[in-house]
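This report is an introduction for a reader who is new to the structure shown below.

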Amino acid sequence: MSVKMIAHRGLSGIEMENTSAAFKAACERSYYGIETDVHVTKDGKYIIFHDDGTGRLCEQNLIIEKTDFEILRSLKFKDGISEMPTLSEYLQVVSRYKKVAVIELKKPMRENNIEEIIEICKREYTLDKIIFISFDIENLVAVRKLLPKQKIQLLADKFNGELIKSLKEYEFDLDIRYDLLTKEKIKELRENDIIINCWTCDDRQKAEELIGFGVDFITTNILE
């Protein structure tokens, strides 16, 4: 089976990350999936941005979860042209090109937020072309409760004895920091029937090594 490449925040090695331009650029190339990050705004809307605050990319630094949607949409990016997409706008781009949507649920969310995100996904695309990911295991448990057969990957930045136990308990797959993976760990995950994604690998030599070890996905800013 060939390894599937996931464009991290769209084609962020070329375009401004998590923007419509980055999603379109990735969709027009050979990437299997397009990864993004969704936050809940103060007024309960769903907006695409990676960081908790806007200061790294925008002229003003605001906390996403403490700011209303319209204010966030009006922010000027430092590139002068970009704006934050909505979850619906992201899905519309990805669905147009029939790519897989890889959606990170940022920050702990209420169950009603998870329900609304799922409804947006159903309306704009199809759930069998969507993978939900999160560092927050409760977010993913809520998704599993609502969608027993959904593709779900737990994000991880450490590999310990509890990880495989949690993955098997909730029938999650894994999206782990790429430099934590070894041939032995991948073999152990394989023996437990766990699909393996890894982030964020921009080193071609390391990517080829991971492919040789048997990962299923590689999330990257620029490799194709």
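## Cysteines

In this predicted model, the cysteine sulfur closest to that of Cys-201 belongs to Cys-198, and at 6.3 Å it is too far away for a bond, since a disulfide requires the two sulfur atoms to be within 2.5 Å.

## Nonpolar cores

The largest nonpolar core has 59 residues, and those with the most contacts inside it are Leu-87, Tyr-90, Leu-91, Ile-103 and Phe-132. Apart from this core lies another, of twelve residues, which include Met-16, Phe-69, Leu-72 and Leu-75.

Leaving aside neighbours within four places in sequence, Ile-103 is in contact with several residues, among them Thr-36, Val-38, Cys-121 and Ile-130.

## Aromatic rings

Five aromatic pairs are found in the whole structure. One of them joins Phe-23 and Tyr-90 edge-to-face, with 4.9 Å from centre to centre and 70 degrees between the planes; this pair links helix α1, which holds Phe-23, to helix α3, which holds Tyr-90, across 67 residues. Phe-23 is buried at 0% relative accessibility, and Tyr-90 is buried with a relative accessible area of 0%.

The rings of Tyr-32 and Phe-217 form a tilted pair, their centres 5.9 Å apart and their planes at 50 degrees. Tyr-32 is partly exposed, at 32%, whereas Phe-217 counts as buried, at 9%. The charged end of Lys-4 sits over the ring of Tyr-32, 5.4 Å from its centre.

Key:
Residues are numbered from 1 along each chain as its sequence is written. This is a predicted model: local features need pLDDT of at least 70, side-chain atom pairs count only at pLDDT 80 or more; totals for chains, interfaces and linings use all residues. Side-chain values use heavy atoms; hydrogens and water are left out. A nonpolar core is a set of buried Ala, Val, Leu, Ile, Met, Phe, Trp, Tyr and Cys residues joined through side-chain atoms within 4.5 Å. Buried means under 20% relative accessible area, exposed over 50%, partly exposed in between (1.4 Å probe, protein chains only). Contact means heavy atoms within 4.5 Å. Rings of Phe, Tyr and Trp (its six-membered ring) pair if their centres lie within 6.5 Å; planes under 30 degrees apart count as stacked, over 60 as edge-to-face and the rest as tilted. Helices (H or I, at least four residues) and strands (E, at least two) are DSSP runs, numbered from the N terminus. A charge sits over a ring if NZ of Lys or CZ of Arg is within 6 Å of the ring centre and within 35 degrees of the ring normal.
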